[in-house]
Amino acid sequence: HPSGKLAAVANYGNGTVTTLPIGAEGMLGEPASVIQHAGTGPNKQRQEGPHAHSANFDSTGSRLFVADLGIDRVMVYRVDAATARIAPNDPPSAAVAPGAGPRHLAQHPNGRFVYVINELASTITAFAYDARTGALREIETVSTLPADFKGSTTTAEVVIHPNGRFLYGSNRGHDSLAIFRVDGRSGRLTPLGHQSTLGKTPRNFAIAPGGRFLVAANQDSDSLVVFRINQNSGALTPVGSPVTTSMPVCVRFLEVR
């Protein structure tokens, strides 16, 4: 949470979301809220029940978004930072296409748009976000893949550049980062192409503070690859040699103060 006073956790296996208070010394307290999701989706193998996949606070800290892959919904909760409790928003959720499987999301720096990457459909859904009511309204859904791609693939991570002009999504199978230009007024996305991650199964990636570099984690080729970001076009250029590390699945940057 922006206040540093609570943390939220998405529990994939049982489809719950949990919030926990954070004490003055950084210790986690007992869960303040545990909310069980319910429902299924059309994919019998992956959507036999709820699967909360990510939990993200909005930029104001007043709402919590939980992308649930199993029920094709982004659940929205009101946040009480003082007690670390959450409660269903009104409206309580936003839907994506049946079988899409929402996985992760990113909010635009201007606060007006939310982008959800759908693992099973290899798409990104753009939503307009009303911070006053917590409502999400779908703007469009776009593919993360080239039109002629026929192989098996799923998506993983979605990240917006700090300048708000570019959005990136990872394809596992096509093994690439899809690149989009973001219209800061309408929220719509324009495809700009793809960059190979120079490895297999890019489960996660992150943009370094300052927005000059992106680090992609190739889970099944045991490598981290650094790319320089063109600030005008959003294009990615490999920098140096890949770094070998066993099965990387997440990249985060720590700001040392």
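**Hairpins, a sheet and some buried residues**

Modeller: Let us start with the hairpin of E5 and E6, which has 4 residues between the strands, and where Asp72 takes a positive phi near 60°. Please keep in mind that this is a predicted model, in which local features need pLDDT of at least 70 and side-chain atom pairs count only at pLDDT 80 or more, while totals for chains, interfaces and linings use all residues. Residues are numbered from 1 along each chain as its sequence is written, and side-chain values use heavy atoms, with hydrogens and water left out.

Biologist: Over how many bridges do E5 and E6 pair, and in which sense?

Modeller: Strand E5, residues 63-68, pairs with strand E6, residues 73-80, in the antiparallel sense over 6 bridges; two strands count as paired if DSSP finds at least two bridges between them. Asp68 stands opposite Arg73 in E6, and Leu64 stands opposite Tyr77 in E6.

Biologist: And what about E4 and E5?

Modeller: Strand E4, residues 52-57, runs antiparallel to E5 and is joined to E5 by 5 bridges, with Val66 in E5 as the bridge partner of Ala55. E4 and E5 also form a hairpin, with 5 residues between them, and Gly61 in that turn has a positive phi of about 80°.

Biologist: Why is E5 described as largely enclosed?

Modeller: 6 of the 6 residues of E5 are buried, so E5 is largely enclosed by the rest of the structure. Buried means under 20% relative accessible area, exposed means over 50%, and partly exposed lies in between (1.4 Å probe, protein chains only). In a regular strand the side chains alternate between the two faces of the sheet. In E5 both faces are covered, with Arg63, Phe65 and Ala67 buried on one side and Leu64, Val66 and Asp68 buried on the other.

Biologist: Which strand does E6 join through 7 bridges?

Modeller: That is strand E7, residues 85-95, which runs antiparallel to E6, and Met75 stands opposite Ser93 in E7. E6 and E7 form a hairpin with 4 residues between them, where Ala84 in the turn has a positive phi of about 70°.

Biologist: Switching topic, is Leu105 buried or exposed?

Modeller: Leu105, which has its place in strand E8, residues 102-107, is buried, with a relative accessible area of 7%. Leaving aside its neighbours within four places in sequence, Leu105 is in contact (heavy atoms within 4.5 Å) with residues including Ser54, Phe65, Val74 and Val158. Leu105 and Val66 are 39 residues apart in sequence and 8.7 Å apart in space, C-alpha to C-alpha.

Biologist: One more topic: in what order do the strands of the open sheet come?

Modeller: The open sheet has 4 strands in the order E16-E17-E18-E19, and the pairing is antiparallel. Strand E16 (202-207) and strand E19 (236-244) stand at the edges, each with a single partner strand, so one side of each is left without a neighbour in the sheet. Strand E17, residues 213-218, pairs with strand E18, residues 223-229, over 6 bridges in the antiparallel sense, and Ala216 stands opposite Val225 in E18.

Conventions:
Helices (H or I, at least four residues) and strands (E, at least two) are DSSP runs, numbered from the N terminus.
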